[in-house]
Amino acid sequence: MLANVSKNVFLHASQNRVLNKAAKKWGLRFGAGQVVAGDTIEGAMKKVRELNEKGLVCTLDHLGEFVSSREEATEATQYNVRTLEAMAANGVDCNLSVKMTQLGLDIDRRFCLDNMRRILDTAKQYNNFVRIDMEDYAHCQMTLDILRELRETYDNVGTVIQSYLFRAEQDVKDLKGVPLRLVKGAYQESPTVAFQNKEDVDKNYVRIIEEHLLSGSYTAIASHDHNIIEKVKEMVEKYNIPRTQFEFQMLYGFRSELQLSLVQEGYKVRVYVPFGKDWFGYFMRRLAERPQNVAFALKGFFSK
């Protein structure tokens, strides 16, 4: 019960615009620096190079979401373009992850689509890949509709499917051939659209991983759960799925030893590396996911 209360507190905080705005002025506080790779492109590049040297590949996420003005969305688009340019200039092994609410999805669909095309054109120029992060349920169908429209022109774009949603299995079937990151899900959703029980979420997670792998589609399994990871290892061996068809993904700052262990076993591991000044919502969702993560916040708070 206490864990659920704490989770709800952090999830509500993640969506609080006043706290988000204030956090931009605070700088990386309360332990956020342990899971957010700095607030500039240059700082993020340094972290990516360090991870690459350890055999890990990366995806960069310039933090920010739910923007309310065209100016903010245009600025975010330009920043993502500069991030792709920096990746190419630094020669790092790294993709880009974006949130479409940061690019104006809540302002105007066509405006957001144009911003996405600018980013994808730049990524294509440098032979790079862009992942559209999945956000809350209210944006799910909009995200998939835009993805389908973009896939008519671009093959260097994919998205994320969350296993706690009832619709996840059908979405995976509909997206056969599209590179997907499969996750459990980190937003607070209604019992009318999402599983509320961890066991149900986990079962559906394994089910959609199997569905996408068996369809021959490239699959990113994004989980820190060693039980899930072991099941994936058994699954790919059982079905003789080549290691070139999938990768494991984990968050920057979490389970670093497990990441390196998987690399040593010959698996591809991609680290999701968030950076930027708009870190608060992301950090609150990480605290909500697992009670153990609160230790990061307490450690960071008392070290100030």
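Phe246 is buried in this predicted model, since its relative accessibility is 1% (buried means under 20% relative accessible area, exposed over 50% and partly exposed in between, with a 1.4 Å probe and protein chains only). The structure is a predicted model, in which local features need pLDDT of at least 70 and side-chain atom pairs count only at pLDDT 80 or more, whereas totals for chains, interfaces and linings use all residues. Residues are numbered from 1 along each chain as its sequence is written, and side-chain values use heavy atoms, with hydrogens and water left out.

The protein contains 12 helices and eight strands; helices (H or I, at least four residues) and strands (E, at least two) are DSSP runs, numbered from the N terminus. Of its 304 residues, 54% count as buried. Contact means heavy atoms within 4.5 Å, and among contacts between residues at least 6 apart in sequence, 73% join residues at least 24 apart.

Five aromatic pairs are found in a search of the whole structure. Rings of Phe, Tyr and Trp (its six-membered ring) pair if their centres lie within 6.5 Å; planes under 30 degrees apart count as stacked, over 60 as edge-to-face and the rest as tilted. One of these pairs is formed by Tyr79 and Phe275, which is tilted because the ring centres are 6.1 Å apart and the planes stand at 35°. This pair links distant parts of the chain, with Tyr79 in helix α4 and Phe275 in strand β8, 196 residues apart. Both Tyr79 and Phe275 are buried. The rings of Phe246 and Tyr267 have centres 6.2 Å apart and planes at 50°, so this pair is tilted. Because Phe246 belongs to strand β7 (residues 246–251) and Tyr267 to the loop between α10 and β8, the pair ties together parts that are 21 residues apart in sequence. Phe246, Phe248 and Tyr267 form one aromatic cluster.

When residues up to four places away in sequence are not counted, Tyr267 touches Lys233, Arg243, Phe246, Phe248 and Leu262. With Arg243 there is a polar contact between side chains, at 3.3 Å. A polar contact is a pair of N or O atoms within 3.5 Å; within protein, one must be able to donate a hydrogen and the other to accept it, and residues adjacent in sequence count only if both atoms are side-chain atoms. Tyr267 and Glu247 are 20 residues apart in sequence, and their C-alpha atoms are 6.8 Å apart in space.

Thr77 is located in helix α4 (residues 70–90) and counts as buried because its relative accessibility is 0%. A polar atom of the Thr77 side chain lies 2.9 Å from the backbone oxygen of Ala73. Not counting residues up to four places away in sequence, Thr77 touches Leu103, Asn115, Arg118 and Ile119. Asp225 is situated in the loop between β6 (219–222) and α9 (226–238) and is likewise buried, at 15% relative accessibility. In this case, a polar atom of the Asp225 side chain is 2.9 Å from the backbone nitrogen of Asn227. Apart from its neighbours within four places in sequence, Asp225 is in contact with Lys184, Lys198 and Asp202.

One cavity of 30 Å³ or more is found in the whole structure. On a 1 Å grid over the protein atoms alone, a cavity is a set of points where a 1.4 Å probe fits but cannot get out, and lining residues have an atom within 4 Å of a point. Grid points are joined across faces, edges and corners, and a volume is the space filled by probe spheres set on the points. The largest cavity has a volume of about 30 Å³, and its lining consists of Met134, Cys140, Val160, Ile161, Gln162, Leu165, Ala168 and Asp171. At least two lining residues come from each of β4 (157–162) and α7 (168–174), with β4 giving the most, at three residues. The lining divides into six nonpolar residues, one polar and one charged (Ala, Val, Leu, Ile, Met, Phe, Trp, Tyr, Cys and Pro count as nonpolar, Asp, Glu, Lys and Arg as charged, and the others, Gly among them, as polar).

Backbone angles were also examined. Most residues other than glycine have a negative phi. Asn240, in the loop between α9 and β7, has a positive phi near 55° and is exposed, with a relative accessible area of 68%. Arg255, in the loop between β7 and α10, has a positive phi near 50° and counts as partly exposed at 37% relative accessibility.

Technical notes
On a 1 Å grid over the protein atoms alone, a cavity is a set of points where a 1.4 Å probe fits but cannot get out, and a pocket is an open set with protein on both sides within 12 Å along at least five of seven lines; lining residues have an atom within 4 Å of a point.
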